[in-house]
Amino acid sequence: MSLRPSRPLSVITCPDCDGLTFTLRPCGCTDYGDRFLVDQAETGVGREAYRDCQVCRGAGSVATACPRCRQRGRRRAQLVFTMVNLDSGAVASASVLPGTVAPTRADAGWRLDLAPLLRGLADTVGLPDAHPEPPIPLPAGWHPELPADRRTELEARAIAERDRIPWRVVLGRADQPPAPDPDARLARLCAVADLLLLDLVVEARRTGFGDLNWEVRYELPGGDIPAGQRGQARDLPAALAATDVAEALVDLRARGRAAPAHELRPTPPTGQRPDRTDADQLERRIFADCVDLATGTGLPGAQAIWRDGRWWHTGLRPGGRTEQLTERPTGQVVRRHTTALLRRAEPLAPSWWGDPIRYAPCPDCLPGSALRVCDCVRPRRIAHPADAGPRPADPDCPDCGGTGVHPRRLACHRCRGAQRTYPELLVTVTDLADRVVHLHWRAGDEPAAPQIAAQPAGQPVVQLPEPYRLASWAHTLGVRPEDLVDTDDNVPVEQYLREGVVTLPGPDADPVREHLAQAGDSRAAARLLVLGVVPSAPSVPELVRLALGLDLALVVTVQDCAPLRDDPVSVHGLLWSVDVCARSALSDDLPYHGSPEAAAATCWEYVDGAFADAVPVNPAEAIPTPAYPGVGLIDDPVPAISRLARRYAGRTVSVRFDRSGCVVLLHQVDGCARVLANAPDLPTAMDALGLPGTA
């Protein structure tokens with residue numbers, strides 16, 4: 001059940017805006033003073049305003065909506081702590097209001113110690129006591145001899161200061177998984193580097209305070225050293241604990257923009273490789289490499305690079321300085337100087353490198369310039385044949401004003417800032433275990449690509465043979481095509497790439513070249529890495545139990561695109577979406593995941609946002625404190641929901657689970673939804689719809 005607080009709810013006037021719902025803050029132009037061109041290192045608060053500021057018009061301050069009260073002028077003096085045992089489904093909650101926690105004396109004054117409260121919740125649901133929460137300091141004027149009303153007012157203000165996350169949900173298991181062993185994690189990362197033909201880089205780099213920050217990442221051989229590091233770790237074990245394979249692959253494309261492209265010639269390992277994954281010894285060696293032995297001075301950092309089954313060690317040295325100009329919303333231009341880092345010694349070229357792959361300049365960028373070809377003059381990729389060539393500049397274009405070029409604001413859509421494109425693509429498909437396939441697609445090859453359809457404007461649609469269809473290689477590796485993920489953006493591989501379907505601008509176009517252009521002819525080092533792994537996340541039944549325990553709703557949305565199965569350029573198959581939301585909220589998200597596992601993984605990734613959205617908007621409405629006994633899982637609803645989607649093929653269907661039961665909804669064209677069934681559970685709803693059983 002879900003309880004309301006027994007004590008009266010305290011609502012206070014927001015102290016940040018005094019109830020006005022907005023605040024006056026210094027304009028960003030005051031960071032640099034009354035100057036047009038400024039250096040980033042010279043930032044400082046309290047300087048004079050920029051007289052030509054486009055934000056404050058020289059006033060020096062701007063009015064903004066108060067972020068603490070969300071422009072309501074009032075704040076709720078309530079915190080709710082909820083603990084969930086994911087193994088049993090047990091849920092327990094406690095509400096912190098003025099007067100519910102006895103203040104204790106500390107050296108710095110009086111405070112509300114929340115540790116006993118959290119220990120009690122953990123014991124109730126069977127979780128280990130490992131959930132620290134700092135105490136809430138009370139204002140200096142609080143004293144137990146004050147009148148009760150005054151004590152309540154001061155406690156309410158102290159509690160409201162912690163309301164950035166008013167409902168704090170702790171998700172845990174009775175048997176917490178042990179911390180990853182550094183040696184085992186390092187060995188796993190090295191094995192995947194060998195599998196994918198990548199470098200594993202372990203780096204220690206000095207921060208502005210002189211200490212070392214550690215990072216573990218994958219890189220493409222021959223690329224530049226990144227300007228900064230992503231995470232923060234004080235030592236190598238901490239960096240390894242925070243870095244799995246997926247984390248090490250993040251931003252690989254951005255890091256490899258300057259990496260050269262070479263054909264891949266993988267060779268099988270020759271015999272047993274020596275064990276060189278001792279994290280402690282590796283850390284000691286990198287730490288030693290951070291000092292110049294000749295002079296005894298500290299270096300900017302050091303690296304160990306795993307390549308060809310061994311570690312290559314090198315220190316880092318300062319390189320050249322670069323200047324970057326950035327326009328701010330105030331109209332000022334900020335100049336930023338950065339110092340590149342270089343390796344003191346480069347390792348030998350990888351043994352798997354073959355012949356180099358030549359690249360061409362990006363047709364959408366102007367070399368040596370900050371300008372880019374405007375979209376208004378670029379040829380349309382899918383257009384009528386008469387409109388396939390370059391177009392004249394649009395004099396009314398808001399970006400270029402008729403010039404045909406405009407300054408770069410974001411990375412180029414075609415080359416992602418690399419300013420190069422490749423006529424070849426090296427595709428690696430793997431299950432991250434022991435199976436991997438390396439493919440080489442070249443423009444100019446002439447495989448049999450029969451026409452299977454035509455676009456409305458007449459462009460032919462062809463399908464390339466199986467070597468160019470990632471779906472066929474997924475079956476070879478024993479994974480589902482819908483589980484293929486593009487590591488560059490960590491998104492599912494698009495359907496056209498899975499099935500090798502290409503729309504040609506004309507009958508004489510090269511199918512492979514167009515296929516490469518759609519797949520991304522600017523991949524770093526001409527490489528596309530595709531992982532075929534089922535996402536690791538709670539299942540749909542586990543998410544249903546979680547939503548019921550927290551007195552929320554879980555909505556599973558599905559669409560069967562069977563009516564479009566004969567249209568090769570339309571999406572087909574089953575599309576899924578899984579969302580946790582408040583019981584009173586409506587989920588209108590369209591399904592877009594290719595599998596229920598991927599949809600559940602996305603739901604789990606953003607579940608904290610669902611908890612925040614479930615907090616009542618009105619500060620006068622209390623946050624509920626859900627409680628739920630440990631219960632078993634429901635039967636997997638995915639097979640039944642799949643049959644439901646087949647019944648209404650071409651339409652979007654949602655199944656909503658909450659404590660009141662199960663509701664089946666059919667989405668309408670106007671955005672509304674029609675209730676098909678309302679029952680205590682899904683099997684009863686299926687019986688009511690004439691879809692009993694499991695067939």
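The model is predicted, so local features need pLDDT of at least 70 and side-chain atom pairs count only at pLDDT 80 or more, while totals for chains, interfaces and linings use all residues. Residues are numbered from 1 along each chain as its sequence is written, and side-chain values use heavy atoms, with hydrogens and water left out.

Val169 belongs to strand β12 (residues 167-172); helices (H or I, at least four residues) and strands (E, at least two) are DSSP runs, numbered from the N terminus. Leaving aside residues up to four places away in sequence, Val169 touches Thr82, Val84, Leu550 and Phe611, where contact means heavy atoms within 4.5 Å. The C-alpha atoms of Val169 and Ala612 are separated by 9.8 Å, although 443 residues lie along the chain from one to the other. Across the protein, 66% of the contacts with a separation of 6 or more join residues 24 or more positions apart.

Seen as a whole, the protein has 15 helices and 37 strands. Buried residues make up 47% of its 695 residues. The C-alpha atoms fill a box of roughly 85 × 80 × 65 Å along the principal axes.

Now to the sheet. Six strands form an open sheet in the order β4-β18-β17-β16-β13-β14, with mixed pairing; two strands pair if DSSP finds at least two bridges between them. From one strand to the next, the twist averages 30° (axes are lines fitted to C-alpha atoms, for helices over the stretch in contact, and angles run from 0 to 180 degrees between N-to-C directions).

What happens around strand β16 (residues 301-307)? Seven of its seven residues are buried. Gly301, Gln303, Ile305 and Arg307 point one way from β16, while Ala302, Ala304 and Trp306 point the other way. Six bridges link β16 with β13 (residues 199-206) in the antiparallel sense, and Val202 stands opposite Ala304. β16 is also antiparallel to β17 (residues 310-327), through seven bridges, with Trp306 partnered by Trp311. These two strands form a hairpin with two residues between them, and Asp308 in the turn has a positive phi of about 55°. β17 in turn runs antiparallel to β18 (residues 333-343) over 10 bridges, where Thr322 stands opposite Thr338.

Two helices accompany the sheet. Helix α3 packs on it, touching β13, β14, β16 and β17, and its direction makes about 130° with that of β13. Helix α7 lies across β13, β14, β16 and β17 and runs at about 55° to β17. The axes of α3 (residues 182-196) and α7 (residues 279-289) come within 8 Å and cross at roughly 80°. The two helices are therefore roughly perpendicular (angles under 35 degrees count as roughly parallel, over 145 as roughly antiparallel, 65 to 115 as roughly perpendicular and the rest as oblique). Pro182, Asp183 and Leu186 in α3 meet Ala279, Asp280 and Leu282 in α7.

Note on methods:
Buried means under 20% relative accessible area, exposed over 50%, partly exposed in between (1.4 Å probe, protein chains only).
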